[in-house]
Structure formats: C-alpha cells, structure tokens
Amino acid sequence: MLERRAVVRETDMPELMQSHAMELAYQALDSHEASDRQSIAHYIKQKFDEAWDCVAGNVFGSCITPLCGSYVLFRVEICWSF
C-alpha cells in the first residue's frame, strides 16, 4: 500500500490552512503524474485562489516575500507499507 506523509520544513500558516494545502497536494498527486510538476502546481493554485503562488518540484529555488500567515514549505514523502 502506498502512503503519503507531508513534512513541513517552514511555515507561518495556520494549521487548518496547512492541512488544506497538504490535502490538495495529495489530491494533485492522485490526479497527475508525479513528474508533471507544472500540472500539480496548477491544480493546487486553482483550488486555493488565483492570487496564490504555488511551486512544485524536487529541485528549485525561490525568492518570495509572502504575506504573513500565508507561507508553507513542505515535501510529500511517498513510501510503501506492508
């Protein structure tokens, strides 16, 4: 069985909003190939709001100034359980 676990690296976002972002990431991974990072980011961005920015990838850099309470950086670990 495939299990996903989000690991938050940095955030100032309320926990409820973090959970929502992580759930959207799980849904995006269910709907798109993991290698299609542009579609994953687009899916999450649409579900939040067009005013939000979303970056998906495994190697990237960014320089942003988020509004207070609106930043979360996390990764989704995918592992097998038996």
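Predicted model: local features only at pLDDT ≥ 70, side-chain atom pairs only at ≥ 80, totals over all residues.
Local features here need pLDDT of at least 70 and side-chain atom pairs pLDDT 80 or more, while totals for chains, interfaces and linings use all residues. Residues are numbered from 1 along each chain as its sequence is written, and side-chain values use heavy atoms, without hydrogens or water.

## The core

Nonpolar side chains in soluble globular proteins tend to be buried together. In this model, the largest nonpolar core has seven residues: Leu 24, Ala 25, Ala 28, Leu 29, Ile 40, Tyr 43 and Ile 44. (A nonpolar core is a set of buried Ala, Val, Leu, Ile, Met, Phe, Trp, Tyr and Cys residues joined through side-chain atoms within 4.5 Å.) Buried means under 20% relative accessible area, exposed means over 50%, and partly exposed lies in between, using a 1.4 Å probe and protein chains only.

Which elements give two or more residues to this core? They are helix 1 (15–31) and helix 2 (37–48). Helix 1 gives the most, with four residues. (Helices are DSSP runs of H or I with at least four residues, strands are runs of E with at least two, and both are numbered from the N terminus.)

Leu 29 touches Arg 4, Ala 34, Ile 40 and Val 76, not counting residues up to four places away in sequence. Contact means heavy atoms within 4.5 Å.

## Helix 1

Helix 1 has 17 residues. From first C-alpha to last, helix 1 reaches 24 Å, close to the 24 Å expected at 1.5 Å a residue. (The expected span is 1.5 Å times one less than the number of residues.)

The buried residues of helix 1 are Gln 18, Ala 21, Met 22, Leu 24, Ala 25, Tyr 26, Ala 28 and Leu 29. Their cover includes strand 1, helix 2 and strand 2 (72–80).

Take Gln 18, which is found in helix 1. Gln 18 counts as buried because its relative accessibility is 11%. Leaving aside neighbours within four places in sequence, Gln 18 is in contact with Val 8, Thr 11, Met 13 and Val 72.

## Salt bridges

Side chains of opposite charge can pair when their charged atoms come close. A search of the whole structure finds four salt bridges. (A salt bridge is a side-chain nitrogen of Lys or Arg within 4 Å of a carboxyl oxygen of Asp or Glu.) The table lists some of them.

| Pair | N to O distance |
|---|---|
| Asp 30 and Arg 4 | 2.8 Å |
| Glu 77 and Arg 5 | 2.4 Å |
| Asp 53 and Lys 45 | 3.7 Å |

Salt bridges that share partners join Arg 5, Arg 75 and Glu 77 into one network.

Asp 30 and Arg 4 form a salt bridge. Asp 30 lies in helix 1 and Arg 4 in strand 1, so the pair ties together parts 26 residues apart in sequence. Asp 30 is exposed, at 55% relative accessible area. Arg 4 is partly exposed, at 27%.

Glu 77 forms a salt bridge with Arg 5. Glu 77 lies in strand 2 and Arg 5 in strand 1, so this pair ties together parts 72 residues apart in sequence. Glu 77 is partly exposed at 25%, and Arg 5 is partly exposed at 48%.

Asp 53 is exposed, at 68%. Lys 45 is partly exposed, at 21%.

## The surface patch

Leu 2, Ile 78 and Trp 80 form a nonpolar patch on the surface. Together they have about 350 Å² of accessible area. (Areas come from the Shrake-Rupley method with a 1.4 Å probe; for residues, only the protein chains shown count as cover.) Patches are made of residues with over 30% relative accessible area and no salt bridge; like charges are joined within 9 Å, and nonpolar side chains (Val, Leu, Ile, Met, Phe, Trp, Tyr) within 5 Å.

Leu 2 is found in strand 1 (residues 2–11). Leu 2 counts as partly exposed, at 42% relative accessibility.
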